[in-house]
Amino acid sequence: MSWHWESTVIAMVAFGVLYWLLSKYAFGPLFDVMEKRRQLVLEQMNTAESSRKAAEQQMEDQKAALQQARKEAYEIIEQARTTSSKQADDIVQTAKTEASRLKDDALKDIESEKNKAIAALRSEVGGISVKIASKIIEKQVDEKSQEQLVDQYLKEVGSK
Amino acid sequence: MHEFPVLPLGPLNIELSTLIAITVSVIVTFLIAKLAVRNLSVENPSKMQNFLEWVVDFVHGLISSAMPLNRVKPFLSLGMTLIMFIFISNLLGLPFGIVTETHHAYESIGITEEMLEEKGGHLEIAWWKSPTADISVTAGLALIVFVIVHFLGLKQNTKHYLKHYFQPYPVFLPINLIETISKPVTLALRLFANIYAGEVLIATILMLGWIGTPFLIAWQGFSIFVGAIQAFLFTMLTMVYISQAAVHDEDHH
């Protein structure tokens, strides 16, 4: 093993050339790509973060909307309940009034029918009595006593 | 031991095995890196790209353990080149060797009659080795680091860089100078000695013949580990030296 300064120079030149070649053709592009990937990852992480936030926001919105819908549904049910009970009361009230009206009408009808019947009966009975009386006393009673008899009879019937 | 062929080119004496090894190492390193970035993709990286990205992350972690995180970026390419080149260089001499025998003198590659006579007319010439198993090469790498460290120190951190030679008292200047010199020297020697020792031991085990096969396998496995450790250490120390010289920690002093 001997010292050759030429080898030293060759080594230095070769290393210099290698450094230049590698920097230009290998490491330069490689570092660029690695930097690009770093940027890409950073970007994707940012995107993920923002979309996570958006999703959270949406979730909140939906929760609020759900709450709102629930509240509205409750209100509607409440309203329906009050309306229906009021309606039921109305119906019952109407039915009651109707029923009492019908009853009153019926009572009036009965009264008037009764009166009519009484009147009819009275005239009928009058006629029949007259006929009966005239048959019985046709020959014995004169005009005057016959009238007297009829009146008396009518009085009796009218007082009944 | 083997002789290494030396090509005299005018006033220069170029050691051929080192030249071949450095060239191959540079080409392999570049090819691996180029293959890894062949189909670069942001979303769907290939296996090779994943591997190289893992190396980048590893080196990034290594550098950031030596200096503040915001200063790491400019040195990432340097660290990557260092660790890949040294690791591949360390492995280069492990799997095989190319040795030719000669009984004649070849003056053109530095094989002289005297060398031939010295070995009894039979000479083995090695054409293949790890480039880092050559002290001249590791010295070159250490020299690059040395220049980078002190250039960056002077340029980016002038006041504190110059002041540190006189810390804690001006009397310590010689000690600080020795420290400054010893850093690249140890850097070069450590790498060279580890890899060279590994190759020497491989050559020694090969002399055992067939019996040495299990030892050879074990040692080659260990040499891969050593090669990785040394590449890691060289890069790590480079970054530590750069950090010491060029990065001034505001709340440190």
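Author: The dialogue below takes up the two chains, their contact and some single residues. This is a predicted model, in which local features need pLDDT of at least 70, side-chain atom pairs count only at pLDDT 80 or more, and totals for chains, interfaces and linings use all residues. Residues are numbered from 1 along each chain as its sequence is written, while chains are lettered from A and ligands numbered from 1 in the order in which they are written.

Reader: How many residues of chain A are in contact with chain B?

Author: The size of an interface is often given as the accessible area lost when the parts come together. Here residues are counted instead, two being in contact if their C-beta atoms, placed from the backbone, lie within 7 Å. In chain A 28 residues are in contact with 33 residues of chain B. The side of chain A that touches chain B holds 21 nonpolar, four polar and three charged residues. In this scheme Ala, Val, Leu, Ile, Met, Phe, Trp, Tyr, Cys and Pro are nonpolar, Asp, Glu, Lys and Arg are charged, and the others, Gly among them, are polar.

Reader: At what angle do H1 of chain A and H1 of chain B cross?

Author: Two packed helices are described by the angle between their axes and the distance between the axes. Helices (H or I, at least four residues) and strands (E, at least two) are DSSP runs, numbered from the N terminus. Axes are lines fitted to C-alpha atoms, for helices over the stretch in contact, with angles from 0 to 180 degrees between N-to-C directions. The axes of H1 (residues 5-137) of chain A and H1 (residues 16-36) of chain B cross at roughly 10° and come within 10 Å.

Reader: Which residues of chain A does UniProt list as a transmembrane region?

Author: UniProt positions are given in the numbering used here, feature names are shortened, and annotations may be inferred rather than shown by experiment. The unreviewed UniProt entry lists residues 6-27 of chain A; this span is 100% helix and 0% strand, with its end C-alpha atoms 29 Å apart. The unreviewed entry also gives a coiled-coil region at residues 38-83 of chain A, where the end C-alpha atoms lie 67 Å apart and the span is 100% helix.

Reader: Is Val33(A) buried or partly exposed?

Author: A residue is buried if 20 or more other C-beta atoms lie within 10 Å of its own, exposed if 12 or fewer, and partly exposed in between, with C-beta atoms placed from the backbone. Val33(A), in helix H1 of chain A, has 18 such atoms and is therefore partly exposed. Beyond its neighbours within four places in sequence, Val33(A) is in contact with Leu40(B) and Val42(B).

Reader: What does chain B contain?

Author: Chain B has eight helices and four strands, and 32% of its 253 residues are buried. Val72(B), in the loop between helix H2 (47-64) and helix H3 (73-92) of chain B, is buried, with 20 other C-beta atoms within 10 Å.
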